[in-house]
Amino acid sequence: MYATKANFESAFGATETADLDVPAGRVLAAIDQAGAEADGYLATRYTVPVASVGANLTRITLDIARFRLWDNRSPEEV
């Protein structure tokens with residue numbers, strides 16, 4: 001796992017997390033799926049899962065999860 005729910009709330013705020021109106025388990029599932037998607041791209045060049053997770057990989061994972069959680073009802077900033 002490249003990010004956590006705490007990372008999600010830190011990056012996007014507790015208000016946005018609440019605005020999503022989804023169970024905590026769904027947030028974790030979206031983060032996990034986003035990490036799997038990242039692994040799909042990384043696996044062409046690196047051994048996955050990546051042992052040393054940098055800030056960029058965490059950020060990208062969170063961005064993917066955020067996009068998926070909002071689905072078709074996302075605000076413009078998402």
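**Exercise 1. Arg59 and its partner**

Classify Arg59 as buried, partly exposed or exposed in this predicted model, and describe its salt bridge.

Solution. 
Step 1. Arg59 has a relative accessibility of 43%. Buried requires under 20% and exposed requires over 50%, so Arg59 counts as partly exposed.
Step 2. Arg59 forms a salt bridge with Asp63, and the closest N and O atoms of the pair are 3.6 Å apart. The cut-off is 4 Å, so the pair Asp63 and Arg59 qualifies as a salt bridge.
Step 3. Both residues belong to helix 4, where they sit four residues apart, about one turn of the helix.
Step 4. Asp63 has a relative accessibility of 34% and therefore also counts as partly exposed.

**Exercise 2. The surroundings of Glu16**

Locate Glu16, decide whether it is buried or exposed, and list its contacts beyond four places in sequence.

Solution. 
Step 1. Glu16 lies in helix 2.
Step 2. Its relative accessibility is 9%, so Glu16 counts as buried.
Step 3. The side chain of Glu16 forms a salt bridge with that of Arg66, at 2.7 Å from N to O. This pair links distant parts of the chain: Glu16 is in helix 2 (residues 14–20) and Arg66 is in helix 4, 50 residues apart. Arg66 is buried, as is Glu16.
Step 4. A polar contact of 2.9 Å joins the side chains of Glu16 and Trp70.
Step 5. With neighbours within four places in sequence left aside, Glu16 is in contact with Arg66, Trp70, Glu77 and Val78.
Step 6. The salt bridges treated so far are among a count of four. As background, side chains of opposite charge can pair when their charged atoms come close.

**Exercise 3. Helix 1 against helix 4**

Describe how helix 1 and helix 4 pack, and sort the contact residues by class.

Solution. 
Step 1. Helix 1 (residues 5–12) and helix 4 (residues 55–70) pack at an angle of about 80 degrees, and their axes are 10 Å apart.
Step 2. Angles of 65 to 115 degrees count as roughly perpendicular, so helix 1 is roughly perpendicular to helix 4.
Step 3. Helix 1 contributes Asn7, Phe8, Ala11 and Phe12 to the contact, while helix 4 contributes Thr58, Leu62, Asp63, Ala65, Arg66 and Leu69.
Step 4. By class, the contact of helix 1 with helix 4 has six nonpolar, two polar and two charged residues.

**Exercise 4. Two threonines**

Solution. 
Step 1. Not counting residues up to four places away in sequence, Thr61 touches Tyr2, Ala3, Ile31, Ala34 and Gly35.
Step 2. The side chain of Thr44 reaches the backbone oxygen of Tyr41 at 2.9 Å.

Methods: Residues are numbered from 1 along each chain as its sequence is written. This is a predicted model: local features need pLDDT of at least 70, side-chain atom pairs count only at pLDDT 80 or more; totals for chains, interfaces and linings use all residues. Side-chain values use heavy atoms; hydrogens and water are left out. Axes are lines fitted to C-alpha atoms, for helices over the stretch in contact, and angles run from 0 to 180 degrees between N-to-C directions. Helices (H or I, at least four residues) and strands (E, at least two) are DSSP runs, numbered from the N terminus. Angles under 35 degrees count as roughly parallel, over 145 as roughly antiparallel, 65 to 115 as roughly perpendicular and the rest as oblique. Contact means heavy atoms within 4.5 Å. Ala, Val, Leu, Ile, Met, Phe, Trp, Tyr, Cys and Pro count as nonpolar, Asp, Glu, Lys and Arg as charged, and the others, Gly among them, as polar. Buried means under 20% relative accessible area, exposed over 50%, partly exposed in between (1.4 Å probe, protein chains only). A polar contact is a pair of N or O atoms within 3.5 Å; within protein, one must be able to donate a hydrogen and the other to accept it, and residues adjacent in sequence count only if both atoms are side-chain atoms.
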